[in-house]
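Have the viewer open while you read.

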Amino acid sequence: MAGEAERGDGERNAGFWAGKRRPFGNQSAVEIDSLNLEAGRASHPQSHKTKIDWRTFSLAFQSIGVIYGDLGTSPLYVFQSTFPDGINDPDDVLGALSVIIYTIILLPLIKYVFIILWANDNGNGGTFALYSLLCRHAKVSMIPNHQPGDREESDVQESSNRVKLALKVRDMLENSKIAQHILFLVTILGTSMVIGDGILTPSISVLSAMNGVNTLGQDTVVWISMGILIILFVVQSFGTDKVGFTFAPILSVWFVLISIIGVYDLFYYDVGVLRAFYPKYMFDYFRRNGKQGWISLGGIFLCLTGTEAMFADLGHFNVRAVQISFSTMVFPPTLIAYIGQAAFLRKNPEKVSNVFFDSIPGLLYWPTFVIAVPSAIIASQAIISAAFAIISQSLTLGCFPRVKVCHTSSKYEGQVYIPEVNYILMVACLIITYLFKTTEKIGNAFGFAVCSVMVITTCMVTLIMLVVWKTSIWKIVLFFVVFGVIELVYLSASLYKFMDGGFLPLLFSAVLMTIMTIWHYVHRKRYSYESQTKVSADCMKELVRIPELNRIPGIGLVYSELVDGIPSIFVHFIKNIPSMHSIIIFISVRSIPTAKVPLEERFVFKRIMPTYRGMFSCVVRLGFNDIKEEPEEFERRSIEYLVEFIRQENLGHDTESVERGLIKTLANGDSLDHNGTPPCSSGSSQSTSPSTWGSLKWYQKIEEEVQLVQRAADSGVVYFLGETKVKAKKDASFFKKFVVNHAYDFLRKNLRPDTVMSIPHSRVLRVGMTCEI
């Protein structure tokens, strides 16, 4: 249902990014009315295509080593977490197994693999991708990121009830500030929970794997686990591509081993556990155990650990790759492993505390243990990669402080590594492992975090089904009720153990949400201030006519976040120092979701004042793998393409005919006067037509401006960088002053500077300005 709708939407979005090639070189230039449309376009298509080819199978293999370690190693601890006080009735094993079977079928397989994965935003997954997708189809974003072309297609007028409902819901969201704030807060809550998972998952996974050598003593196991965690985070710098290909064979062997063990235990101990596929045993389990059965859901839910990472890690792969790998290599072995353990527990209920290792046949014990340790380590990879992906997405929306994002693949833009986040996660994991020492309390916290993210995802996808996909109302209700009820029941069970570790995710989320909210609030206010105070072309026209204004030879490159318009900080500079270079170019650097932007498409120019020479806007489009050029090379290319833009700006003139007319005129001994008009001789008037003289006059003016640019380039290039300091107004509340003047200022000073290009320090002019909010 939703798959087909979103597949079309995904293809449309890919087409948008692939927009028209900017005409340079031998192509004709076009006049651009707004740079906002051209700023985000590139000719390279998205790599997240839906067709199946050899790359899809390669990605599917890599995904085994990145996404499914957590989900695949959950048999290490699910049954012991479900029955921490032992098994009272052998039929409880059948009931718990029945719950596990239908939980895995309904949530990871049906909900995520066949529905949620299609709710991606240009190939990216996670809560921020859902938020971004909604913002592009409805104006609910706290920062404008609405892409031209999305709304037009979504506004197709149809008479169906689905479209009417979609428009009604969209209008309600757009007209309600409360709804917009709730949507944003829910988004950053889900993001914070996933990052919190990145702290809890490595700890519980590694400690669970080390249960096989618990005879060494608890302290020894803890120190060994901490050493393994350090190694895990150190190798993240190699990138998803290398890590995936390295880990995938190990996890493939793991899935084969747990399948063999599961089949052996099933036929050796009790093949009758297959009766658990009959839902009656599930209902009997809850009826027999009552409140205790409900509490045990907190342990059963751990069979879903890593499920949310399938969607959050989507940017590293693509939809088809994830669907293929889960359906063929992950779902069957994992289910067989739980069935085998249940068969073992039917005969040996007293061994539930270490059921995974006790149920392994003697010959396979050590091979399985040797594979279990690296597999459990790899289990952490899914959520670590997810944390990198969602933080990278949040940066693009101005919802996270500046950090360094390293793209580790030239083919897939979603494969990223963030050093600062990596080492913060490592330190937090080591602290959690050292303090808690066992998996029980960490498991309580982990279940609450995972379930919270799932509930948030269900709510946001329901909105997407309404507004974006325009799905039938009965399908929307079915989706929301079935999955919403299941997840709320699990969430309630996780809340029961809130004080036994369940508070940890909320504690992590509170800290992260505070940081993200402060950064986003001030960033939004600053962006709004710059947008509202940008100078119009008419005002600039009056300003450049001031007699006191000195024109300095050279080129001034003014960097600004504004794609279209003149930043107020430049006017601030002119009013205080009435000087301006002969050529002014307002530069805005934009990242494009493709590996590399061809040189002929990298610079997009627009003349700010058509009747005034020497003032332009320029968008520099960079792919995630484009290398920042040295200043001299960047200057040379920008001037080269500016000259090309000037020469091709007016499509009404035929350059070749102008050049032929000029050659003919000069061959006849004629010349142009200083105004570009023809000489008053009958011979010349006969040899050169009036229309050609008009073209020649235009040609001379263009060449004069080109020579002006070249002379300015010879005089040198100066870079103008604006430094806007944000302060709270004097009459603002104490709380607002603390947030803006102290908390935000602390984050800004202690994080990476916002450097987008290589700029020579000797030719930088920094212009300071204070923005009061």
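## Helix packing and cavities

In α6, Val 99, Thr 103, Leu 106, Leu 107, Ile 110 and Lys 111 meet Phe 479, Phe 483, Ile 486, Glu 487 and Tyr 490 in α21, where contact means heavy atoms within 4.5 Å. By class, this α6–α21 contact has eight nonpolar, one polar and two charged residues (Ala, Val, Leu, Ile, Met, Phe, Trp, Tyr, Cys and Pro count as nonpolar, Asp, Glu, Lys and Arg as charged, and the others, Gly among them, as polar). Helices here are DSSP runs (H or I, at least four residues), numbered from the N terminus.

A word on provenance: this is a predicted model, with local features needing pLDDT of at least 70 and side-chain atom pairs counting only at pLDDT 80 or more, while totals for chains, interfaces and linings use all residues. Residues are numbered from 1 along each chain as its sequence is written, and side-chain values use heavy atoms, leaving out hydrogens and water.

| Pair | Angle | Axis distance |
|---|---|---|
| α6 and α21 (residues 473-496) | about 130° | 12 Å |
| α6 (residues 90-114) and α13 (residues 280-289) | roughly 125° | within 8 Å |

α6 and α21 are therefore oblique to each other, and α6 and α13 are oblique too; angles under 35 degrees count as roughly parallel, over 145 as roughly antiparallel, 65 to 115 as roughly perpendicular and the rest as oblique.

On the α13 side, the contact with α6 has eight nonpolar, three polar and three charged residues.

How many cavities of 30 Å³ or more does a search of the whole structure find? It finds six, a cavity being a set of points on a 1 Å grid where a 1.4 Å probe fits but cannot get out. The volume is the space filled by probe spheres set on the points.

The largest cavity has a volume of about 70 Å³. Its lining (residues with an atom within 4 Å of a point) includes Tyr 112, Glu 308 and Phe 311. α15 gives the most, with three residues, and the lining divides into six nonpolar, three polar and one charged.

The second largest cavity comes in at about 60 Å³. Among its lining residues are Ile 258, Asp 265 and Phe 356. The largest share, four residues, comes from α12. By class, this lining has four nonpolar, four polar and one charged residues.

Methods: Axes are lines fitted to C-alpha atoms, for helices over the stretch in contact, and angles run from 0 to 180 degrees between N-to-C directions. Helices (H or I, at least four residues) and strands (E, at least two) are DSSP runs, numbered from the N terminus. On a 1 Å grid over the protein atoms alone, a cavity is a set of points where a 1.4 Å probe fits but cannot get out, and a pocket is an open set with protein on both sides within 12 Å along at least five of seven lines; lining residues have an atom within 4 Å of a point.
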